[in-house]
Amino acid sequence: MSFNLKYILVFALLVFVNQLHAQEFTISVNAREIGRKDNLQVNYDISGEGKVSDFQLPFFGKDWKIVSGPQNGFQSININGQKSTITSYIYILAPTKPGKLMIPATTVEVNGKKIKCREVTVNVSKADHLDNVVPAGTQQGSLYMADDRKEEAEEVILKPGEDVNRKISDNLFIKVFPSKRKCYVGEPVLVTYKLYTRLRSQSRVVKQPSFTGCTVAEMTTDQSYKGTETINGKKYNAYLFRQVQLFPLQPGRITVGQASVDNTITFLSGSNDFKDLYYGVQTGQEHNITLSTEPLFIEVLPLPGKEQQIAVGDFTVSTKLKKDTIAANEPNALIVTIEGKGNFKSIDEPEITWPDKFYHFDAIETDTIDRLSFPSTGKKVYEIPFEVSNTGKVNFPVVAFSYFDPAKGKYISTKSDPLQLMVTPAIQASLQQSVSNNGNGLFDIKYLLYILPVVFFFGTIFILRQSKKKPAPVSATTNVVIAERVADNNEIDVQSKLDELVLVQDDAAFYSRAGSLARELLKQGTGNSELLVKILQDCNTVLYTPIPSTSKKEVIEKLRQAVS
């Protein structure tokens, strides 16, 4: 019983906390510190759903002089199912003296339940004015400046004989803004949808726009943008409810889809008394209207003189080596970075001219892109593993990258700086690696304790097999045929290679040689190709990732199976 009671109490507490969060009554000010001749905007905000009434006028005493107020503000928006509603009672105050002055608490009824806010303290400086103080009357949550109170009342109140449709159309509408009406294939275009309102309205997006003939990068966030904008001399609450980047795929005309917003507008009627408007009386008549954006088309131009795909934007290319000095057959990587702004989806891995005796593998592609910026900014990085068998200085050719700059209307080619790689002999690198990995040499001794039993085991098997073999008579003709076949096909002495692998101590050198052997066998078509590909992948994984996926013993056994 006590166990169930505990969970019932916890559930009740959660419900109670949720109710508190759903209906909050708070005080917000445009600044916590002002000058003695600055004005202060004070918002008494009720957030959450419910009927608001009986707002008790706060008593400001001798510390504050009321410049204007209370002014009523109401905001409600539903974006993608997330609804936000705030009812505000707004004052503009002037301090009567410097010091720490209190903004008093008060009460209001929400759905018949009285709730109270907490008082707030503001520091009034002895200086006349302070810098960086947001002017009173412009704080977000206030739809109009203090001197616009009469105009607000006229728009919220529906007078007898007034055309309701005209009143709504003048004070509530949605717009779509493309960053341009004409662009090139692959050039990003920003499209923004906004709702503008000066009325008491609740709005809900009922149809999201669709887009054809392009790929879309979403830029709409969970926090819908709210602010005030002036259009034709009137201030509106502006809500951004959809914003995307479009990347046209082919020439022609793309259609920007229509958006629809359903609105419920409440007008006060039968009274011009400001008391009804500003002290919480919410009676009136409701009107529903669904607004849609106008059809919009964007003309897409082909890239001049080009048919193949090419990057579109403004980019640079750079290269660097993971290591500037390596040993022969030691793994390394060439890192190619393409950085800039534009259409990153159109960027492909650049072609690279590799020096002789280089073996390279598939690139590992990563990107760091700010997709909420327009155009998108960031970089793409291609890390290409490779190894080289020759020693000495190796000069890397520059990497070229071409793109189309839509701002300049032309193609641009950029190149990386040349690179130089020093390759030392493999045995020297092995000694250097042993010294660098452990200054006192303890690691080498421990490593040998693990490897020597393996070498001894395979060496013993090899000797026993050789002793049991009986040499078969081979004719001179057969010797000639075998010699010709080896010379023609350049076949590998796999057994010798495996015996050499058993004796290789260095991990990197072992997996590099084993991978090279698997690659050579694949080129010659010798052995089980599927198993050889798996061996090559395992070796590359060990060489280029921190997590080992196989052991030396497993690699040798798989190589034996592949050629048996």
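Helix α8, residues 494-502, and helix α11, residues 552-563, have axes that come within 11 Å and cross at roughly 175°. Axes here are lines fitted to C-alpha atoms over the stretch in contact, with angles from 0 to 180 degrees between N-to-C directions. That makes α8 roughly antiparallel to α11 (the term covers angles over 145 degrees). Helices are DSSP runs of H or I, at least four residues, numbered from the N terminus.

This is a predicted model: local features need pLDDT of at least 70, side-chain atom pairs count only at pLDDT 80 or more, and totals for chains, interfaces and linings use all residues. Numbering starts from 1 along each chain as its sequence is written, and side-chain values use heavy atoms, leaving out hydrogens and water.

Who touches whom? From α8, Val494, Gln495, Leu498, Leu501 and Val502; from α11, Ile556, Leu559, Arg560 and Val563. Contact means heavy atoms within 4.5 Å.

Now salt bridges: a side-chain nitrogen of Lys or Arg within 4 Å of a carboxyl oxygen of Asp or Glu. The whole structure has 15. Asp507 sits in helix α9, residues 507-524, and Lys552 in α11, 45 residues apart. Is Lys552 buried or exposed? Buried, at 13% relative accessible area. Asp507 is partly exposed, at 38%. Cut-offs: buried is under 20%, exposed over 50%, partly exposed in between, with a 1.4 Å probe and protein chains only.

Another bridge joins Glu162 and Lys167, 3.0 Å from N to O. Lys167 is buried at 8%; Glu162 is partly exposed at 31%.

Technical notes:
Helix = DSSP H or I, 4+ residues; strand = E, 2+ residues; numbered from the N terminus. Parallel < 35°, antiparallel > 145°, perpendicular 65-115°, else oblique.
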